[in-house]
Amino acid sequence: MIQEILKTIEQGRRFLVASHESPDGDALASTLSLVNALREMGKDVVAFNPDGVPEPFSFLPGASSVVRSLAGEAPFDAAFVLDAGELHRAGKELPSLCRSVVNIDHHPCSDFGDLQLVDVKASATGALIYRLLMAGKWPISSDVALCIYTAILSDTGSFRYSNADPEAFEIAAKMVGLGVNPWDVASCLYESQPAARLRLLAQALSTLTVSSCGLYASVTVTSEMYRQTGSGPEHTDGFVNYPRSVSGVEVALFFRQVAPAAFKVGFRSKGRIDVGALSRELGGGGHHNAAGAVVEGDLELVRASVFARMDELLGAVP
C-alpha cells in the first residue's frame, strides 16, 4: 500500500491534504508534515481544514497557508485525508474535486479511499507520515521534523498515554536529532495560553461531575461560557484531561455545545472501556481510548442519556 501511495505522489502534480474538523494536534501537525514534504518535492499543494488552525498550533511551519474553503479550486490529482475516520469529517466537497482519495489514519475508519494506509496500532497519524517519507527515501527537513514531532507529542499526551510505544519515542528522538527543540514545542503548546482559555477553563471546572460509582467524570462547556469569557471552541483542547485525572476515574467525558440543541461529547478511557465502540453507537467515531460523537438535545437530556449508557457499560465491567 505504501508503494502505491508513493507512486501516486510521484505521478501527480497537484494535491490536497485535509484532516477532520475541529483539528487536534495530530490532525493538524500530520497535515502540515505532509504538506511541507510535498512542497519541498516541488508539488503544488493545498492544505485544507474546514475549521482552520487553532491558535496553539499557529507556530507550525505552513500553518498560515491552511485554507478553510475550497471554492474555486481546480481539480486535484489526489486528496490525502488524514486522521479523519470518515470522509465527511474532512469536507463534503472533496470527492468532486479529486481524482482519487488516499486515506491515512490510525483510527478505526469507515471504508473510504482509493488507497488506505490505516494502522490502528500506530501512536499517531504523524507516525504514518514518517513511515511514508522513510519508505520514499525522502529527506526530512527541519520544518517537516517539527510537524511530525508535534503530531506524536500531541496524540500521546506528551508521551503519557498508552499509545506512547517504542516507535513514538524512536521517531521523536530522530526528530530531535534533526533539530527539533522539545522545550520550544512545549512552550508553544502548553505555556503560551491566552487568558480567555484560562477563564473558560475555570468555568468548565466548576461543572465537574463525578459519577456515584466514581468510575467516570465530566466537564461541560456551553455557548454562554464562550460569550462570557471571550473564548471559542479552539480554546478547549485538553479540557477532557481534567476529569480524566480524577483518582479512580476510568472514563472522562467532555460535553461541548456545538449548536442550540446539540453537544459534542468527547470520551477518554484509561483502557478498561472501549469508548470507540460507544462513540460509534452514538454516530461518532474514534478508537478504544479516545473518541467523540455529536448528540442532539438540550444539555440535561444529553448528559442523562450518555450517563445512562456509561452506567450500563461500567456495570458490565468486572
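This is a predicted model: local features need pLDDT of at least 70, side-chain atom pairs count only at pLDDT 80 or more; totals for chains, interfaces and linings use all residues.
Biologist: Which residues of H7 make the contact with H5?
Modeller: Look at the H5 side to begin with, where Leu146, Tyr149, Thr150, Leu153 and Ser154 take part. Sorted by class, the contact of H5 with H7 has seven nonpolar, two polar and no charged residues. On the H7 side, the partners are Pro182, Val185, Leu189 and Tyr190.

Biologist: And H6? How are H5 and H6 oriented to each other?
Modeller: Here H5 covers residues 142–155 and H6 covers residues 166–177. Their axes come within 9 Å and cross at roughly 150°. Angles over 145 degrees count as roughly antiparallel. So the class for H5 and H6 is roughly antiparallel.

Biologist: How many nonpolar residues are in the contact of H5 with H6?
Modeller: From H5 come Ala145, Ile148, Tyr149 and Ile152. They meet Ala168, Ile171, Ala172, Met175 and Val176 in H6. Among the residues of this contact there are no polar and no charged ones, and the nonpolar count is nine.

Biologist: Let's zoom in on alanine 172 in helix H6. Is alanine 172 buried or exposed?
Modeller: Alanine 172 touches Tyr149 and Phe159, leaving aside residues up to four places away in sequence. The C-alpha atoms of alanine 172 and isoleucine 148 are separated by 7.9 Å, and the two residues are 24 residues apart along the chain. The relative accessible area of alanine 172 is 6%, and a value under 20% means the residue is buried.

Biologist: What kind of aromatic pair do phenylalanine 239 and phenylalanine 254 form?
Modeller: The count of aromatic pairs comes to five. For phenylalanine 239 and phenylalanine 254, the ring centres are 5.9 Å apart and the planes are 55° apart. Stacked planes are under 30 degrees apart and edge-to-face planes over 60. This pair is therefore tilted.

Biologist: Where in the chain is phenylalanine 254, the partner of phenylalanine 239?
Modeller: Both residues count as buried, with phenylalanine 239 at 1% relative accessibility and phenylalanine 254 at 8%. Phenylalanine 239 sits in the loop between helix H9 (223–229) and helix H10 (241–244). The pair links distant parts of the chain, 15 residues apart, with phenylalanine 254 in strand S8 (residues 251–259).

Biologist: Is lysine 137 buried or exposed?
Modeller: Lysine 137 lies in the loop between helix H4 (125–135) and H5. Its relative accessibility is 75%, and a value over 50% means the residue is exposed.

Biologist: Which value does phi of serine 158 come near?
Modeller: Serine 158 has its place in the loop between H5 and H6. With a relative accessible area of 28%, serine 158 is partly exposed. Most residues other than glycine have a negative phi. Serine 158 has a positive phi, near 60°.

Biologist: One last stop: how far is the C-alpha atom of valine 45 from that of serine 162?
Modeller: Valine 45 is found in strand S2 (residues 44–48) and is buried, with a relative accessible area of 7%. Leaving aside residues up to four places away in sequence, valine 45 touches Phe15, Val17, Val35, Leu38 and Arg39. Serine 162 is 117 residues from valine 45 along the chain, and their C-alpha atoms are separated by 34 Å.

Technical notes
Residues are numbered from 1 along each chain as its sequence is written. Side-chain values use heavy atoms; hydrogens and water are left out. Axes are lines fitted to C-alpha atoms, for helices over the stretch in contact, and angles run from 0 to 180 degrees between N-to-C directions. Helices (H or I, at least four residues) and strands (E, at least two) are DSSP runs, numbered from the N terminus. Angles under 35 degrees count as roughly parallel, over 145 as roughly antiparallel, 65 to 115 as roughly perpendicular and the rest as oblique. Contact means heavy atoms within 4.5 Å. Ala, Val, Leu, Ile, Met, Phe, Trp, Tyr, Cys and Pro count as nonpolar, Asp, Glu, Lys and Arg as charged, and the others, Gly among them, as polar. Rings of Phe, Tyr and Trp (its six-membered ring) pair if their centres lie within 6.5 Å; planes under 30 degrees apart count as stacked, over 60 as edge-to-face and the rest as tilted. Buried means under 20% relative accessible area, exposed over 50%, partly exposed in between (1.4 Å probe, protein chains only).
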